[in-house]
Each structure stands twice: as structure tokens, then as C-alpha cells.
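Hi there,

Here is the structure I promised to pass on.

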Amino acid sequence: MFTLKGSLLCVERVFKANLAQERMISFCLMHRNTHRFNTFQTVSKLPQKRLNSITFPLIDMERYLDSNVSKTNFRIFDPRFDDISFAEQFFTPSSNHFIHYYTSAVRMEHAPSVAKPEVCFIGRSNVGKSSLIKALFSLVPGLEVRVSKNPGHTKKINFFKAGKTFTLVDLPGYGYKAPTDFVEMVEDYLKTRHNLKRTFLLLDGSIGIQKADQIAIDMCEEFGIPYVLVVTKIDRPQRGNLLKNILDIQQIIEKQTKGCFPQPFLVSSLNYSGIHLLRCFIAHVTGNLQKNKA
């Protein structure tokens, strides 16, 4: 039996189904279009403005800042494009460069003894740590870096070997749903890992620095280890909010730290902004970028 109400409900269902389908198609197209930016060879062919925006997102922000804002620390690590292209090989598997998940540990006595340079990633739960590591290694087919929408997914210290060049270590997130033995696990690692070249402390660019992040910064300062701040999810906030968060972070680096690299790194795991520069910096701190000078 025909009813106006029934017809309207039917139309509404069809509309919602079509809208959901359009959103899904739009998301898939966006993901497909951005995923091709995971190689610098593709990015390097973009128009100059777009190339600079993806490669150097922090420098790209300069034009929106007041002239009185100091930009001295925005270009401390300022590699050439050929250095960035050269660094990509360390994140690309080949017949003599095997990149893979190596092992996990819940205690330092279970951690592998690795002589090669090591870098570690640490951050608040749900900061996008696993997504960033997956983006860095996106050129490795089949590499399993588990990404979850639920905070506190990483419960162990996970080791990823990039051939004979370096090891990347994924530490558990702090804050919400952190492992009960987080402090013991992470402090032992940071204090005793003699081949650790740099700690990458991740901050959520969409919400800015939090109290737990400040505690993590204080911990790095107390241990006297070299570290660098990485601002994630820069594709999410409005530009004004992102700029405010970046300037707040820059103030903390300048006034409250001694062991922190003066230049923060901005990244988006979705559109690969800053990913190529971060790969290059990792190659630099592990001593591999110097091979391009030989």
C-alpha cells in the first residue's frame, strides 16, 4: 500500500546509500592519489610549489607567520633534493637490502643485540605512531605494521630492521591504556641502548602538546639522550590551530630543552607531507646519508 511516509523513508534510504557510496569513492580516490606520493620520484615531478609543500611542510608554513616570528630553526636540517632521493633507498627493499619486522620484546633482557645504528619512536597513545612507521616503510610490500583506531595498541617494543643500515624501534604509547610496566620497559630501553642514535618523540598536531607529552620531554632531558619532536596529523587541524600548536612547541624547544633538535618535523601519514624529509633525517642521524657525499 502506497503511503507518503513510506515513500519518503525509501527516498531517504536511497539518498543515504548514494551519499555513503560517494563518500567511499571519494575516500578511495583520495587515498589512491595520495598513496602515489610515497615515492620521492613521483613527488619531484610535481609543480615547484606543490613539491616544496609536500617535502618541507614547516618551511611552507612560513608565509602564514608574522614577520616578527623567528624562523631560524625552520631550516637547520635543509637537505638537497638529491639527498632526499638518495635516502629513499634505505626505505626501499632490494635483493641485498631486506627490510622486515624483526622481533618484539617486553623486557630489555629479551631485546635483540643489534650493532647497527638504532632510532626509536615514542608518543602518546593514538598519536599516530604506527601510521607514521607504516608510511615511512610504505615502499616495503607486505611489511606488517599493525595500525589500530583504539589507543594503546602497541604493548611491546617492536624492532624493524632496514637491512644492514639501521633498526627502527616502535615503543609502546604512553598515557591512555599504556602497558602497566610502561615506565620500566621504556626507561630501561632509553637508558641502556648504546647504539640508539635518536629518539623521535611524536606530538599530535591536531591538539597540540599535552601534559603527558611534557612529562616525556622531561624524561628525555633527564636521561640526556638526543631527541627530536615530530608533529603528526598535520592534515587534520585548521591552519590557524596548527600554526598555534607549532609555535607553542617551538617555544618549548627553545626555552625548556637542551637535548632536543631545534627543528621540529611536521608529517602527515595520509598525504605524505614531510615523510620524505623525515626519511632523509633518519638516514642522516644513522650515518647513512653521508654515503651520498663519498
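Below is what I found, going from the overall fold to single residues.

First, some ground rules. This is a predicted model, in which local features need pLDDT of at least 70 and side-chain atom pairs count only at pLDDT 80 or more, while totals for chains, interfaces and linings use all residues. Residues are numbered from 1 along each chain as its sequence is written, and side-chain values use heavy atoms, with hydrogens and water left out.

**Overall**

The protein has ten helices and seven strands; these are DSSP runs numbered from the N terminus, with helices being H or I of at least four residues and strands E of at least two. Of its 294 residues, 50% count as buried. Buried here is under 20% relative accessible area, exposed is over 50%, and partly exposed is in between, with a 1.4 Å probe and protein chains only. Taking contacts (heavy atoms within 4.5 Å) with a separation of 6 or more, 74% come from residues 24 or more positions apart.

**The sheet**

Seven strands form an open sheet with mixed pairing, in the order E1-E3-E4-E2-E5-E6-E7. Strand E1 (99-105) and strand E7 (265-266) are the edges, each pairing on one side only. Two strands are taken to pair if DSSP finds at least two bridges between them. E1 runs antiparallel to strand E3 (residues 157-162), over six bridges, and Tyr-101 stands opposite Phe-160 in E3. Helix H10 (residues 275-285) packs on this sheet, touching strand E2 (118-123), strand E4 (166-170), strand E5 (196-204), strand E6 (227-232) and E7. The direction of H10 makes about 155° with that of E5; axes are lines fitted to C-alpha atoms, for helices over the stretch in contact, and angles run from 0 to 180 degrees between N-to-C directions.

**Two helices to look at**

H6 (129-136) is mostly covered, with six of its eight residues buried. These are Lys-129, Ser-130, Leu-132, Ile-133, Ala-135 and Leu-136, and they pack against E2, E4, E5, E6 and H10.

Buried in H8 are Asp-213, Gln-214, Ala-216, Ile-217, Met-219, Cys-220 and Phe-223. Their packing partners are E2, helix H7 (182-192), E5, E6 and helix H9 (239-256). Just after H8, Gly-224 takes a positive phi of about 70°.

**The cavity**

How many cavities of 30 Å³ or more does a search of the whole structure find? The search finds one, and about 70 Å³ of space lies in the largest cavity. A cavity is a set of points, on a 1 Å grid over the protein atoms alone, where a 1.4 Å probe fits but cannot get out, and lining residues have an atom within 4 Å of a point. Grid points are joined across faces, edges and corners, and the volume is the space filled by probe spheres set on the points. Among the lining residues are Phe-56, Phe-74, Phe-77, Gln-263, Gly-274 and Leu-277. Helix H4 (57-60) and E7 each supply at least two lining residues, and H4 gives the largest share, three residues.

**Some loop residues**

Most residues other than glycine have a negative phi. Asn-126 has a positive phi of about 70° although it is not a glycine; Asn-126 lies in the loop between E2 and H6 and is partly exposed, with a relative accessible area of 39%. Tyr-272 likewise has a positive phi of about 70° without being a glycine. Tyr-272 is in the loop between E7 and H10, and at 4% relative accessibility it counts as buried.

Tyr-272 also turns up among the contacts of Asn-38, together with Glu-88, Ser-138, Leu-139, His-276 and Arg-279, not counting residues up to four places away in sequence. Asn-38 sits in the loop between helix H1 (4-35) and helix H2 (40-43) and is buried, with a relative accessible area of 8%.

Finally, Ser-94 lies in the loop between helix H5 (81-87) and E1, and is partly exposed at 39% relative accessibility. Ser-94 and Val-140 are 46 residues apart in sequence and 9.5 Å apart in space, C-alpha to C-alpha.

Best wishes

Terms used:
1 Å grid on protein atoms, 1.4 Å probe; cavity = no way out; pocket = protein on both sides within 12 Å on 5 of 7 lines; lining within 4 Å.
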